[in-house]
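Subject: Structure for your review: salt bridges

Dear colleague,

Please find below the structure that I am handing over to you.

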Amino acid sequence: MCEMQALLHQQGEKRYPQRSDFAPQQVANIKAALGPWGRALEAAGLKPPREDTRHHKTLEKRLRTKANQNTGASRQTNKNGGNQP
């Protein structure tokens, strides 16, 4: 993979190696050893690791949604003649 990156730079291309740059068997070997293509680029040191903030964003969204649902539920109780004034 690193060799392909060097070859691309020699040719003046400024991009990461793509699956289409390799033979099908090479792609299969790379993915078997290093995982999905994006992760393989990271494992080879060609691409900076992705910041894994997706989990945190999902968690924050769930907490906001739950807080909004709880607020909406208490408002609904008040509108329907609940015990609160």
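The paragraphs below describe the salt bridges and the surroundings of the residues that form them.

Please bear in mind throughout that this is a predicted model. A search covering the whole structure returned three salt bridges.

**The network around Arg-15**

Salt bridges link Glu-13, Arg-15 and Asp-21 into a network. In one of these pairings, the side chain of Arg-15 meets that of Glu-13, with a distance of 2.7 Å from N to O. Arg-15 also forms a salt bridge with Asp-21, and here the closest N and O atoms are 2.9 Å apart.

As to accessibility, Arg-15 has a relative value of 25% and is therefore classed as partly exposed. Glu-13 is likewise partly exposed, because its relative accessibility is 32%. For Asp-21 the value is 22%, so this residue too counts as partly exposed. The cut-off that matters for these assignments is 20% relative accessible area, since a residue counts as buried only under that value.

**The pair in helix H3**

The other salt bridge to report joins Glu-42 and Arg-39, whose closest N and O atoms are 3.2 Å apart. Both residues belong to helix H3, which spans residues 37-43. They are three residues apart in that helix, a spacing of about one turn. The side chains of Glu-42 and Arg-39 are also joined by a polar contact of 3.2 Å.

Is Glu-42 buried or exposed? Glu-42 is buried, because its relative accessible area is 18% and the limit for that class is under 20%.

Which residues does Glu-42 contact, once its neighbours within four places in sequence are left aside? They are Lys-47, Pro-48, Pro-49 and Arg-50. Glu-42 itself is found in helix H3, where it has the salt bridge with Arg-39 described above.

**In brief**

When you open the model, two places may be viewed in turn: the network of Glu-13, Arg-15 and Asp-21, and the salt bridge between Glu-42 and Arg-39.

With kind regards

Notes
Residues are numbered from 1 along each chain as its sequence is written. This is a predicted model: local features need pLDDT of at least 70, side-chain atom pairs count only at pLDDT 80 or more; totals for chains, interfaces and linings use all residues. Side-chain values use heavy atoms; hydrogens and water are left out. A salt bridge is a side-chain nitrogen of Lys or Arg within 4 Å of a carboxyl oxygen of Asp or Glu. Buried means under 20% relative accessible area, exposed over 50%, partly exposed in between (1.4 Å probe, protein chains only). Helices (H or I, at least four residues) and strands (E, at least two) are DSSP runs, numbered from the N terminus. A polar contact is a pair of N or O atoms within 3.5 Å; within protein, one must be able to donate a hydrogen and the other to accept it, and residues adjacent in sequence count only if both atoms are side-chain atoms. Contact means heavy atoms within 4.5 Å.
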